[in-house]
Amino acid sequence: MKEGLRQCMAWLHTWAGLVAGWVLFVVFLTGTAAYFNAEITRWMQPELPAAGISLPPAQAVSMAQTRLAGQAAGAEQWTVLLPGGRNPDLSVSWRAPARDGQRFGRFQREILDPATGLPAEAKPRTTGGGNLLYRIHYDLHYMPAVWGRWIVGICSMFMLVAIISGVITHKKIFADFFTFRPKKGQRSWLDFHNALSVLALPYHLMITYTGLVIFMFMYMPFGITSSYGQNQQQVFYDELYNRAQPVPASAGAPPLGTLAPLQSVLAQAEQAWGPGQVRSLSVQRAGTTDTVVTATRQYGHSVSRNGQLRFDGSGRPLDTDSARGNATAVHATLYALHEGHFAGWPLRWLFFLAGIVGTAMVATGLILWTVKRRPRQAKAGKTHFGHGLVECLNIGTIVGLPIGMAVYFWANRLLPIELDMRRNWEAHAMFIAWGLTLLYAVARPVMRGWRETLWAASALYLLLPLLNAVTTRRHLGVSLPAGDWFMAGFDLTMLAIGASLGYAAWTLGRRKPVAAAATARKARAAAPSATPSPAQEPA
Amino acid sequence: MTSLTTTVGGLTLAYSGFVALSLAMDRHYADVFGRGQEPGERQRLVLRLLGAMGLVLSFALCVVRDGWGVGSVLWLGMLTACALALVLLLPYAPRRALELAVVSAIVGSATVALDGIHGMLAPTRLPLA
């Protein structure tokens, strides 16, 4: 019975993993990149000033208030985002009052020049930035967002099934905990797949489960519709998030009041949390008698609770955080764990590493499927259509998407600045390159396809810093001495990725004779009369 | 925000802890000290205790410095990074893995000592919320 269960689970693991594998690879890789979405966007807008300008918060706040009072006097909401953490700029944003028939008013945002207090002169190029990768992570692309979310959700469910069945299938989790035996063909792939899966198991489980929880109301809306009715879902959300009812438009213009300098709010918040701990200040209904000023704390001191202090228009403190129910707190924690906003630099890099491990886990699983079946294909003398399809899709996805992402960054630098629909063309470039890689994989013998596409991917990443040097004045020679870590960090990461891909291509080229010899040995041992066949090259 | 002390201390303690735990296993003891070598029973017990101590100290450092929530997430991330590094070092450079563990253990202990044992034990610094 025990053996039966394990075999059953192995079957489930194999096929659940294969069916959802390619989508999961895309979800994992773009999601991993999204841990640095703001930093990627920054690299893709080199017109913006270098990070690392120090501006005392009090000065920044008074600058921002002057600008907002001049530009957005009648606005419903103001926000001042102070430089600090992952945000290098002082920026202001405001939302105009909603007009008839609109749910929200127009939203505007400006990055202020710390020297003048006016909007930064350099207009950044339009780009999808890191946010495009972030959106692909759960919406996919070229389809309505809802379809993407359903596809990603179904595949995440397969992922959860694959994780649990994988744990049951794995015979010796603790005995093999540190085991990796290289240069042993299928054995090595299995060891590596196991290590990647087991060593980051808490992350894999967390990220898959929380990913499903984020969209749980979309995937499972039945509880809400049965208690609130088909068209009353908004009421549920307002109650869930404790949202105040908006002031009805018919109430007319509220009585005028004055807004004290925001510096006093800043000072009180810094006293509570420490200097530099205020992330943003937002003002609701500025210039009326029921103004509320909210100070929000910098991320990083708690997983899910982003400390807030509330004040009235004259700077007097109002009530503190309203209490949350346990269910809301659990939901907020699961959500926060997935998004990782609370992660400072060291933890952010660990999240990134765990994301890479997850991506590699999916990739090695897909590769293992083919490695296991190659000898049988070779023995039969011809490649089964299904097997060939998996081989091509593997190359086309596992190398194709990284190539596409590199080309996305290339397009950001090479497409003309004033190009119409520039943002869309960056994305098109990514998908065209990805599609071409897939076609190339179809046209080439499998092992050569892997090697050549890996070399191409490696070159695309290794040359990115050079492209940056040619097209901007923010290359590594400038950004490193200046401590411009947004620019330098991106360039260095691209070099590391390029080097890893190159190493993979090089290893693959070197490894071939060893693997072929091993297969030949095995074939001789199994059937002395059978002729050793070139197992690695099913044409 | 996680400090440099927490990062270095947490990583070095977790890494040396994992190396001690792996050396308590026959396969990896042989990886490092040569084929056929096995740890004695006492040695195995000491290695297991040292290993557990490394992981526990690493967890304590993360939680004391960054709180229960962020600290535990940070610790789990460090475990993944360190175990992965060890798994990749063992087949290619087993002696290096051991040397690195010795250096790590020294750096990690020094970090904790510098941070102040009294600080870790003081009840006021334990974030219970």
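Predicted model: local features only at pLDDT ≥ 70, side-chain atom pairs only at ≥ 80, totals over all residues.

Student: What makes up the secondary structure of chain A and of chain B?

Tutor: Chain A has 19 helices and six strands. Chain B has six helices and zero strands, and its pattern along the sequence is α-α-α-α-α-α.

Student: How do you know that A:Arg67 and A:Glu110 form a salt bridge?

Tutor: The cut-off is 4 Å between a side-chain nitrogen of Lys or Arg and a carboxyl oxygen of Asp or Glu. For A:Arg67 and A:Glu110 the N to O distance is 2.8 Å, so the pair meets the definition. As background, side chains of opposite charge can pair when their charged atoms come close.

Student: Which elements hold A:Arg67 and A:Glu110, and what does the pair tie together?

Tutor: A:Arg67 belongs to helix α3 (residues 57-71) of chain A and A:Glu110 to strand β3 (residues 107-112) of chain A, so the pair ties together parts 43 residues apart in sequence.

Student: Why are A:Arg67 and A:Glu110 called buried?

Tutor: Buried means under 20% relative accessible area. A:Arg67 has 14%, so the label applies. A:Glu110 has 15%, so the label applies there too.

Student: What makes A:Glu426 and A:Arg422 a salt bridge?

Tutor: Their closest N and O atoms are 3.0 Å apart, and the limit is 4 Å. A:Glu426 and A:Arg422 are both in helix α15 (residues 422-443) of chain A; because they are four residues apart there, about one helical turn separates them.

Student: Are A:Glu426 and A:Arg422 buried or exposed?

Tutor: Buried in both cases. A:Glu426 has a relative accessibility of 0% and A:Arg422 has 1%, against a cut-off of under 20%.

Student: Why are A:Arg444 and A:Glu452 called partly exposed?

Tutor: The term covers the range between the buried limit of 20% and the exposed limit of 50%. A:Arg444 is at 30%, so it falls in that range. A:Glu452 is at 26%, so it does as well. The side chains of A:Arg444 and A:Glu452 also meet in a salt bridge, with 2.8 Å from N to O.

Student: What makes A:Gln271 exposed?

Tutor: Exposed means over 50%. A:Gln271 has 72% relative accessibility, so it counts as exposed. A:Gln271 sits in helix α11 (residues 262-273) of chain A.

Student: Which residues of chain A are linked in a network of salt bridges?

Tutor: A:Arg135, A:Asp139 and A:Arg149 are linked in such a network. Over all chains, the whole structure has 18 salt bridges.

Student: How do you know that chain B touches chain A?

Tutor: Contact requires heavy atoms within 4.5 Å. By that criterion, 26 residues of chain B are in contact with 28 residues of chain A. About 2,300 Å² is buried between the two chains, and carbon and sulfur atoms give 79% of that area.

Student: How many salt bridges are there between chain B and chain A?

Tutor: The count is one. B:Arg27 and A:Asp176 meet through their side chains at 3.0 Å, N to O, which is set against the 4 Å limit. There are also three residue pairs in polar contact between chain B and chain A, both residues at pLDDT 80 or more.

Student: Which helices of chain B supply the side that touches chain A?

Tutor: α1 (4-23), α2 (26-33) and α4 (68-92) of chain B each supply at least two residues. The largest share, 17 residues, comes from α4(B). By class, this side of chain B has 18 nonpolar, seven polar and one charged residues.

Student: What part of each chain counts as buried?

Tutor: In chain A, 47% of the 539 residues are buried. In chain B, 48% of the 129 residues are.

Key
Residues numbered from 1 in each chain as written. Chains lettered and ligands numbered in written order. Heavy atoms only, no water. Buried area = accessible area lost by both parts, 1.4 Å probe. Polar contact = N/O pair within 3.5 Å; in protein donor to acceptor, adjacent residues only side chain to side chain. Nonpolar A, V, L, I, M, F, W, Y, C, P; charged D, E, K, R; others polar. Buried < 20%, exposed > 50% of the residue type's maximum accessible area, 1.4 Å probe, protein only.
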